[in-house]
Amino acid sequence: MSDRDGKIWMDGQMVDWRDAKIHVLTHTLHYGCGAFEGVRAYNGVNGTAIFRLEEHTQRLFNSAKILRMAIPFTQEQVNEAQKAVIRENKLESGYLRPLTWIGDRKLGVSPKGNTIHLMVAAWPWGAYLGEEGMKRGIRVKISSYTRHHVNITMTQAKAVSNYTNSILANMEATDDGYDEAMLLDSSGFVSEGAGENLFVVKDGVVYTPDLSAGALNGITRNTVLHICKDLGLEVVQKRITRDEVYICDEAFFTGTAAEVTPIRELDRIELGKAGYVGSRGPITEKIQSAYFDIVNGRNPKYAHWLSAV
Ligand code: PMP
C-alpha cells in the first residue's frame, strides 16, 4: 500500500501517499496506545457522502479521551479532513481510516511529554466479508480467544491495541476455514465478531448483546436499532449464550466495513428455520436492504446522517 498515488491528510497537511511516513521509534508502534475509526463514503442518489461522519468523529474523540490522549485538532477539522481526503483522492465511494497516535519524541511506557498526531487515509473497499457472504451468509466459529474484559484495555475505545485480540481471533477462524470469529466475554456470554457487532433473531424478536459483554458500541449497530424500530421489530439488548445463537432463527453481523452480513453457520451448525436453513433469513434481508437504502441516500428520514463531500 505504501507505493500508491494519492493523498493522505497528516497533521493538518495533504501529503503524498508515498511520503506519509512515521519514525520507527513512534510510541504507539511500541506500546499500542492509539485510536482509530473506520468510516465509509457511499456514492448515493445525491452524490458522494460520508455516512454518520459526526458520530465516527465523536467516537474517535471519545476513544482518545478514554486513552488520555489530547487530539490537537477540533472535531470540525477532523470532519473536514475526511471530506477533503475523499475529494483529493477522487473517490466516489470508499473506506476512510482516521487514526491518532503518540509520536516519537521519547520512549518509555509513559507518553507524558510526547506529541499526539492524527492522519486520515481513504481507499476503495468493497464488501468486507465478500459479495457472496452478503447474499448467502458467512461461516463463523466461536473463538478460543476471549474478548477483552471491560476493565482491561477499555472496550468503548476503538483502541489500536484492542485489535491484537481481533487479529488472533480472525486468523484462528480463517486458518480453520471459517470466514470470521465470534468472541465470548470473560463470563462465556457472546460478545461480538473480530470487527463486527452481533444480532440474532428469534420468534420475530431481534436480540443483541448488551455492551457489558465488552462489545464496541458500533455505529452500524445503532443504525440497525433505528431500522428495527422503523420496521416495528422489538429489540432486546441482553446477555446471549452461544447455544442461543445455535438455535436462533437468523443471525447477522454489523459493522462499517461488514455492513449487514448474514451468518449462515456457527461452529458447523447451520442456523435458521425451514425455508432458509444455512442461508440469509427474511428479517436479515429486510434490515440489510433498509441499511443500503439509508447509506445510499434513498431514505429521506436519515438524510442528516449523510455528509456530502
Ligand atoms: N466491534 C469491533 C471490534 C469493531 O472493530 C467494529 C468495527 N468498527 C465494530 C464492532 C462495528 O462498529 P461500527 O459499526 O461502528 O463500524
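**Around the ligand**

I began with the ligand and found 15 residues around it, with Gly218, Ile219, Thr220, Gly255 and Thr256 the closest. For this shell, a residue counts if its C-beta atom, placed from the backbone, lies within 6 Å of the molecule. Two elements give two or more residues to the shell, α6 (219-230) and β14 (250-255). Helix α6 has the largest share, 3 residues. I take helices (H or I, at least four residues) and strands (E, at least two) as DSSP runs, numbered from the N terminus. By class, I noted 3 nonpolar, 9 polar and 3 charged residues in the shell. Here Ala, Val, Leu, Ile, Met, Phe, Trp, Tyr, Cys and Pro are nonpolar, Asp, Glu, Lys and Arg are charged, and the others, Gly among them, are polar.

**A note on the model**

This is a predicted model, and I keep to its limits: local features need pLDDT of at least 70, side-chain atom pairs count only at pLDDT 80 or more, and totals for chains, interfaces and linings use all residues. Residue numbers start from 1 along each chain as its sequence is written.

**Two domains**

Next I looked up the division of the protein: domain 1 covers 7-123 and domain 2 covers 131-295. These bounds come from an automatic or database domain assignment. Between the C-alpha centres of the two domains I read 26 Å.

How many residues of domain 1 are in contact with domain 2? I found 21, and they meet 11 residues of domain 2; contact means that the C-beta atoms, placed from the backbone, lie within 7 Å. On the domain 1 side, β3 (34-36), β4 (39-44) and α2 (53-66) each supply at least two residues. Helix α2 gives the most to that side, with 5 residues. I sorted the side of domain 1 that touches domain 2 by class and got 9 nonpolar, 7 polar and 5 charged residues.

I then followed β15 (residues 259-266), where 8 of 8 residues are buried. Buried means 20 or more other C-beta atoms within 10 Å of a residue's own, exposed means 12 or fewer, and partly exposed is in between, with C-beta atoms placed from the backbone.

Which strands pair with β15? I count strands as paired if DSSP finds at least two bridges between them.

- β8 (residues 138-146) runs parallel to β15, with 3 bridges joining them; Ile138 is partnered by Ile263.
- β14 runs antiparallel to β15 over 4 bridges, and Phe252 stands opposite Pro262. These two strands form a hairpin with 3 residues between them.
- β16 (residues 269-270) is antiparallel to β15 over 2 bridges, and Leu266 has Ile269 as its bridge partner. Their hairpin has 2 residues between the strands, and Asp267 in the turn has a positive phi of about 55°.

Ile263 kept turning up, and I listed its contacts beyond four places in sequence: Gly137, Ile138, Val140, Ala251, Phe252, Phe253 and Leu271. Ile263 is also among the residues with the most contacts inside the largest nonpolar core, along with Ile50, Val85, Phe199, Val200 and Ala251. That core has 75 residues; a core is a set of buried Ala, Val, Leu, Ile, Met, Phe, Trp, Tyr and Cys residues joined through C-beta atoms within 7 Å. Both domain 1 and domain 2 give this core at least three residues each.

Beyond four places in sequence, Gly94 touches Ala41, Ile86, Ala122, Trp123, Pro124 and Trp125. Thr48 is 46 residues from Gly94 in sequence and 9.5 Å from it in space, C-alpha to C-alpha.

Leu231 sits in the loop between α6 and β13 (235-238). I call Leu231 exposed because it has 12 C-beta neighbours inside 10 Å. Outside four places in sequence, Leu231 is in contact with Lys286 and Ala290.

Last, I checked β1 (residues 7-10), which pairs antiparallel with β2 (residues 13-16) over 4 bridges. Lys7 has Asp16 as its partner. The hairpin of β1 and β2 has 2 residues between the strands, and Asp11 in the turn has a positive phi of about 50°. Strand β1 also runs antiparallel to β7 (residues 116-123), joined by 2 bridges, with Trp9 opposite Val120.

Definitions and conventions
Contact = placed C-beta atoms within 7 Å.
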